[in-house]
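Here are my notes on the model, point by point. Have it open while you read.

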There are 2 protein chains.
Amino acid sequence: MQLSKLGEFGLIRKIRSIIKTDSSVIKGSGDDCAVLRLDRANYQLFCCDMLIEGVDFKPTDDPYLIGRKAIAISLSDIAACGGIPRYCLVSVGISPKKTLVFFQDLLRGMLDIAKRYRMNLVGGDLTRSDKLIIDVSILGKVEKKNLLLRSGAKTGDIIFVTGTLGGSIFRKHLEFIPRIKEARFLVRNFKINSMIDISDGLVQDLSHILEESKRGAIIYEELIPLSKEARDLEDALYSGEDFELLFTVSISEAKKIYRKKIKLFKPIGEIVDKNYGLRLIDKQGKTKIIKIKGFRHF
Amino acid sequence: MQLSKLGEFGLIRKIRSIIKTDSSVIKGSGDDCAVLRLDRANYQLFCCDMLIEGVDFKPTDDPYLIGRKAIAISLSDIAACGGIPRYCLVSVGISPKKTLVFFQDLLRGMLDIAKRYRMNLVGGDLTRSDKLIIDVSILGKVEKKNLLLRSGAKTGDIIFVTGTLGGSIFRKHLEFIPRIKEARFLVRNFKINSMIDISDGLVQDLSHILEESKRGAIIYEELIPLSKEARDLEDALYSGEDFELLFTVSISEAKKIYRKKIKLFKPIGEIVDKNYGLRLIDKQGKTKIIKIKGFRHF
């Protein structure tokens, strides 16, 4: 059987069923970061993301923005767990025909965003490759009480997203702000039950929360914040690389968040029992069962 | 200027001159692992290595051995710092046309060697790619007193290598034993001054020790342990991917090691002052100045 037939998430499920870890691993594969034992008060977060020319960026994209994106997508994983990034390693596969100026721009893009979040670039690996490949792994930490996973959503929770959704392909995927500061603000001020970053589309990433939390959800078309670049609702529901956060909180916490009047945090629906599945209430008040799909590598 | 003109190590020097890190980074880029503050008694080790089809393995190689190698080369970096591997992440770029059986073999190769060294595979990333790409990052630790760097070689030190050198391309590069156990035996029983793994050839990796330690070296042709597969001395001096360890110790420690009669550890020369450069005494007793070269990606 070819991998394309199994699909990306089918393959991930298969991998997860095979891998065993020891008791120092609080959470292995299956969340935005691996969560590891560290000390009495903190966990260590460990995550990686690979970018490939022609898949995650175009050969003609600005190397500064490519470097920036490579770091930013892993920062977004640290944010999704409520954590603080500390160290990163970068493996780069690059053609010897590329210029030093190109490489320096790439590196500057990485270093500028790393510095902004006080993260140290501590090393890496260089390899010859026709296509540009960048793999970034980040080591971070999070206070035990602030760790956020996909599995904590509860029936009755309100679902929030940060920012706006859809149309990221036109520009935002290269320039998005990893929501580290927003995530830290949330974990320090509210009781958040679950969180994920929206990397493969709202519906697909919400479905990960539902699967891990064994819940269902209802979302409201009129509440979904479309970006200026989104062509339609479909785009906000299914297109990838928004890199916004999706989180769920109890109604009482939702009220507290609402009272703060922070425009960035927008309620879009609620968590319900698992047997409801995932439903959308459209602008006419009609209920639709949503098919779970989004960006998949295969 | 193209990267090919600057060369791999020229580029690395340039990168190192740009990157700044905070005081929690004991050693950033420029050694086998990044060394990070952890707790009172230990440092954390953090390293990565990228493998690309057509560069590091052939498309026709056994996927089990490709997976094994991907993990083993990073384990070798942990060994070179005297440490213990604990956790790894794996990013894989793979064609959707590959079969599930191929992927399972690849994963089995990774998991078998990870298990052997009690390392947890805690997650990763999957991406679509025409060529198979694997990037592994490992998190390990080492007792502060046992940390080994490239920079500790002292004038008068004896230079040792483990195992035999040369001809790795014929088979060993896919099946080598990462020298974790040997490195741990060494750091627990002797005072080792410096260590590196031989990934780009004996001469090139020894030259990294000399550069970081600001020293020179004399090595003896008759002492260099050629593997069965090595075609000649050149092969043992310059061909890459032996993944043996090279370490230096004082004469008194060298005697202690020698007395243990462990065949795996072989003296090949001595550390001298920097102005000697790197010299080889051949079997006729003639001294040759050695040109520093070895495997370079560009």
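1. On the domain 1 side, at least two residues each come from helix 2 (8–18), helix 3 (63–80), strand 4 (84–94), helix 4 (100–116) and strand 6 (133–143) of chain A. Helix 3 of chain A gives the largest share of that side, 12 residues. Sorted by class, the side of domain 1 of chain A that touches domain 2 of chain A holds 15 nonpolar, 4 polar and 12 charged residues. Nonpolar covers Ala, Val, Leu, Ile, Met, Phe, Trp, Tyr, Cys and Pro, charged covers Asp, Glu, Lys and Arg, and polar takes the others, Gly among them. Helices (H or I, at least four residues) and strands (E, at least two) are DSSP runs, numbered from the N terminus.

2. Some ground rules. This is a predicted model, where local features need pLDDT of at least 70, side-chain atom pairs count only at pLDDT 80 or more, and totals for chains, interfaces and linings use all residues. Residues are numbered from 1 along each chain as its sequence is written, chains are lettered from A and ligands numbered from 1 in the order in which they are written, and side-chain values use heavy atoms, with hydrogens and water left out.

3. Now the domains themselves. Chain A splits into domain 1 (3–145) and domain 2 (149–289), with bounds from an automatic or database domain assignment. Their C-alpha centres are 23 Å apart. Contact (heavy atoms within 4.5 Å) involves 31 residues from domain 1 of chain A and 26 residues from domain 2 of chain A. Between them the two domains of chain A bury about 2400 Å², 55% of it on carbon and sulfur atoms; that is the accessible area (1.4 Å probe) lost on putting two parts together, summed over both.

4. How many salt bridges link domain 1 of chain A and domain 2 of chain A? The count is 7, taking a salt bridge as a side-chain nitrogen of Lys or Arg within 4 Å of a carboxyl oxygen of Asp or Glu. Over all chains, the count comes to 34. Have a look at Glu241(A) and Lys69(A), whose side chains form a salt bridge at 2.5 Å, N to O.

5. Next, Arg13(B) and Glu211(B), a salt bridge at 3.7 Å, N to O. Arg13(B) is in helix 2 (residues 8–18) of chain B and Glu211(B) in helix 7 (residues 202–213) of chain B, so the pair ties together parts 198 residues apart in sequence. Arg13(B) is partly exposed at 49% relative accessibility, and Glu211(B) is partly exposed at 42%. The cut-offs are under 20% relative accessible area for buried, over 50% for exposed and partly exposed in between (1.4 Å probe, protein chains only).

6. Finally, please check Gln44(B), which sits in strand 3 (residues 42–52) of chain B. Is Gln44(B) buried or exposed? At 6% relative accessibility, Gln44(B) is buried. Its side chain makes a polar contact with the side chain of Gln44(A) at 2.9 Å. Not counting residues up to four places away in sequence, Gln44(B) touches residues including Leu139(A), Leu36(B) and Leu139(B).

How values were computed: Polar contact = N/O pair within 3.5 Å; in protein donor to acceptor, adjacent residues only side chain to side chain.
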